Amino acid sequence: MFKSKRAIIMALTIVLSLSLSVYGTLAFLTDSSTVVNTFTVGNVDITVDETEVNPDGTAATPPEGSDEPNRVEENDYHLIPGHSYIKDPTMTVHAGSEDSYVRMKVTLSNLEELKAIPALGGENFELASLVEGLNEEIWVPVEPAVVDEEANTITFEFRYHEVVSMEGATEDLVLEPLFEQFVVPGEITGDQLATLSEMTMTINGHAIQAYSFDTADAAWAAFDAQMTTTTTTAEDTTTTDDTTTTDDTTTTAGE
């Protein structure tokens with residue numbers, strides 16, 4: 001008699017409130033020469049959004065009847081040196097979801113141009129030179145960052161520090177923001193800022209069911225290896241005094 005094997009892979013990729021999911025339970029049950037494949041439905045459901053802001057990076061006026069600004073899929077920013085802008089990508093795990101591992105990836109284009117700006121660390125450029133409020137005890141960085149020389153990009157990966165448990169939850173769980181602000185150091189000149197006129201920041205949110213994986217590494221290896229790539233894009237547009245920078249937020253399943 002063959003031994004029974006039961007494996008589950010449930011995954012979802014999300015950026016802002018655009019989402020898609022792949023989920024299900026696949027059971028291989030073997031008894032003598034009989035093989036039964038049983039499929040049941042599970043769920044991993046997340047969204048990512050951010051605070052609605054004015055072009056100068058301050059919080060937008062709350063809608064009538066609320067004390068808080070809207071949560072939105074995109075914002076427009078007017079970038080100038082020495083200024084900070086509210087940007088707080090936040091993941092919500094929805095009630096009814098299975099326990100899951102979650103992560104966010106931040107990809108920046110124009111890597112060579114970023115490295116050419118001393119105020120951003122030069123050859124030692126890190127995401128921390130452009131953002132504030134990143135809590136690496138909550139969102140743990142995965143080293144090293146991934147550089148794609150051909151695409152001129154760098155990708156930083158951050159994993160939530162523990163499995164997100166939703167057992168018995170009747171309400172959505174809002175996790176801590178990945179970071180709180182986007183900053184333009186005052187030492188950056190107008191000419192240097194102009195070299196970033198077409199820079200994009202892509203934030204991917206991923207979730208995969210924790211069951212059947214002993215470690216986060218195993219879960220994400222399965223996610224990356226087995227998910228079919230699907231892409232959805234939402235754009236945040238930022239402008240400087242004489243240039244326009246598009247801050248793309250892209251959803252990719254199985255990246």
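This is a predicted model: local features need pLDDT of at least 70, side-chain atom pairs count only at pLDDT 80 or more; totals for chains, interfaces and linings use all residues.
Two strands count as paired if DSSP finds at least two bridges between them, and helices (H or I, at least four residues) and strands (E, at least two) are simply DSSP runs, numbered from the N terminus. With that in hand, β11 and β17 pair up in the antiparallel sense over nine bridges. Across that pairing, K105 sits opposite N204 in β17.

Residues are numbered from 1 along each chain as its sequence is written, and side-chain values use heavy atoms, with hydrogens and water left out.

β17 is mostly covered, with nine of its nine residues buried (buried is under 20% relative accessible area, exposed over 50%, partly exposed in between; 1.4 Å probe, protein chains only). M201, I203, G205, A207 and Q209 point one way from the strand, T202, N204, H206 and I208 the other, and all are buried.

Then there is the packing. A nonpolar core here is a set of buried Ala, Val, Leu, Ile, Met, Phe, Trp, Tyr and Cys residues joined through side-chain atoms within 4.5 Å. The largest one has 41 residues, and V102, L108, F125 and W139 touch the most other members.

At 0% relative accessibility, W139 counts as buried. Leaving aside neighbours within four places in sequence, W139 is in contact (heavy atoms within 4.5 Å) with V102, R103, M104, F158, R159, Y160, L175, E176, P177 and L178.

The structure holds three aromatic pairs; rings of Phe, Tyr and Trp (its six-membered ring) pair if their centres lie within 6.5 Å, with planes under 30 degrees apart called stacked, over 60 edge-to-face and the rest tilted. The rings of W139 and Y160 have centres 5.1 Å apart and planes at 65°, so this pair is edge-to-face. Because W139 lies in β13 (residues 139–148) and Y160 in β14, the pair ties together parts that are 21 residues apart in sequence. Y160, at 12% relative accessibility, counts as buried too.

Elsewhere, four strands make an open sheet in the order β7-β6-β10-β15, with antiparallel pairing. Its edge strands, β7 (71–72) and β15 (173–174), each pair on one side only. Four bridges join β6 to β10, and T47 stands opposite T92 in β10.
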